[in-house]
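My entries follow the order in which I looked.

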Amino acid sequence: MQKLHCNFFFLACFVFSATLAHSWSQNREFNQAKNYEGSSDLVDLQYHMGPVLTSPINLYIIWYGKWNPTHQSTIRDFIYSLSSPVPYPSVADWWSTVRLYTDQTGSNITRSIALSGEFYDSAYSHGNYLSRLSMQSIIKYAVTSPYPRALPLNPHNGLYLVLSSPDVRVQDFCRAVCGFHYFTFPTIVGVTVPYAWVGNSGTQCPGVCAYPFAWPKYSGKPPPSTNGGNNIMRAPNGDAGADGMISVIAHELAEVSSNPLVNAWYAGDDPTAPTEIADLCMGVYGSGGGGGYVGVVSKDKWGNGFNVNGVKGRKFLVQWVWSPVKRRCFGPNAMD
């Protein structure tokens with residue numbers, strides 16, 4: 001689970017760190033550099049015998065609030081990219097590190113994530129301010145709405161992703177969390193299914209949840225402009241809020257797949273506040289990352305920062321995750 005300032009029960013949060021972008025064609029001395037981002041013998045990531053998501057995932061998105069269709073297209077294309085072959089380094093290559101995690105039978109996390117349904121809750125069924133527990137009621141509403149609007153309730157291989165629009169305020173959003181994952185309670189939804197929530201921070205706290213595409217408030221810098229003039233790093237798809245969500249979504253998908261019931265892969269002794277596979281690499285996007293530097297990432301011809309390729313020529317910037325094989329943070333844009 002991601003943590004901004006402290007651990008929270010059934011939450012995952014997103015932290016920020018300083019950044020610098022480089023072109024994909026790094027010079028020779030960098031290409032020869034060794035990379036041990038986040039590596040440490042003190043990291044005690046353990047398997048606690050619970051399930052991981054080994055079956056092909058049917059992902060259902062719930063769009064909560066009023067959404068810009070352009071931003072929805074960006075997010076959909078990221079989801080499509082998780083299982084699509086595109087030029088290296090790709091989103092699917094990034095997911096291959098997540099797939100290294102196994103259950104007690106030795107089965108790996110699935111390579112297949114299919115966007116299997118979408119629900120548009122544009123009427124704000126639960127209001128403009130949501131508690132963390134509200135997410136389960138929103139899922140309940142989405143699966144019980146009149147046909148054909150309703151999503152299927154899929155307890156076998158369903159994963160539900162609640163995405164809130166920029167005008168929706170969520171408990172602890174921007175202060176302590178940018179996203180979290182957990183599983184539903186049968187008393188609310190009827191069955192136990194894994195889910196995640198991620199908020200669009202574009203107008204509320206882009207310097208926290210969309211960093212490095214916007215300056216934190218305490219920096220004294222203005223908010224991001226539409227042409228990228230006030231941004232630390234230009235967002236690859238043109239919007240700090242939507243592009244910032246991509247990395248948080250990636251973070252949550254990695255952790256809900258490797259720890260869906262909060263009893264599988266995590267570090268620490270307290271299962272109510274686990275340190276999960278993406279938490280260990282927060283703020284690391286490229287080689288040399290850590291300690292306030294996101295690492296070496298690429299720039300496209302317009303100067304937009306990215307580290308993985310997606311479908312339709314898309315570029316995305318997603319944080320690395322902990323590799324159980326290399327025992328360090330790793331991503332496909334690593335230089336070694």
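The entries below start with the ground rules and end with the backbone.

**Ground rules.** I worked on a predicted model, where local features need pLDDT of at least 70, side-chain atom pairs count only at pLDDT 80 or more, and totals for chains, interfaces and linings use all residues. Residues are numbered from 1 along each chain as its sequence is written, and side-chain values use heavy atoms, with hydrogens and water left out.

**Confidence.** I checked pLDDT, the predictor's confidence in each residue from 0 to 100. The chain averages 87, and 83% of the residues score at least 70. Over residues 5-36 pLDDT stays under 50. For that stretch the model still has 113 contacts beyond four places in sequence; a contact means heavy atoms within 4.5 Å.

**Overall build.** I found six helices and 15 strands in the chain. These are DSSP runs numbered from the N terminus: helices are H or I with at least four residues, strands are E with at least two. Of the 336 residues, 57% count as buried. Buried means under 20% relative accessible area, exposed over 50%, and partly exposed in between, with a 1.4 Å probe and protein chains only. Among contacts between residues at least 6 apart in sequence, 73% join residues at least 24 apart.

**Cavity.** I searched on a 1 Å grid over the protein atoms alone: a cavity is a set of points where a 1.4 Å probe fits but cannot get out, and a pocket is an open set with protein on both sides within 12 Å along at least five of seven lines. Lining residues have an atom within 4 Å of a point. Points are joined across faces, edges and corners, and a volume is the space filled by probe spheres set on them. The structure holds one cavity of 30 Å³ or more. The largest cavity has a volume of about 40 Å³. It is lined by 11 residues, and the closest to its centre are Y211, P212, F213, S247 and Y285. Helix α6 (residues 240-258) gives the most to this lining, with three residues. The lining divides into eight nonpolar, two polar and one charged. Here Ala, Val, Leu, Ile, Met, Phe, Trp, Tyr, Cys and Pro count as nonpolar, Asp, Glu, Lys and Arg as charged, and the others, Gly among them, as polar.

**Second largest pocket.** I read about 280 Å³ of space here. Of its 16 lining residues, the closest to the centre are L53, P155, H156, N157 and P194. The lining has 10 nonpolar, six polar and no charged residues.

**N154.** This residue sits in the loop between α4 (134-144) and β5 (158-164). Is N154 buried or exposed? It is buried, with a relative accessible area of 10%. The N154 side chain reaches the backbone nitrogen of H156 at 3.0 Å. Leaving aside neighbours within four places in sequence, N154 contacts N58, Y60, Y160 and V193.

**Backbone.** Most residues other than glycine have a negative phi, and most peptide bonds are trans. I noted a cis bond from Y88 to P89, with omega near -5°. P89 lies in the loop between α2 (69-81) and α3 (91-98). The bond from Y211 to P212 is also cis, with omega near 20°, and P212 is in the loop between α5 (206-209) and α6. V262 is not a glycine, yet has a positive phi of about 60°. V262 is buried at 9% relative accessible area.

Conventions:
A polar contact is a pair of N or O atoms within 3.5 Å; within protein, one must be able to donate a hydrogen and the other to accept it, and residues adjacent in sequence count only if both atoms are side-chain atoms.
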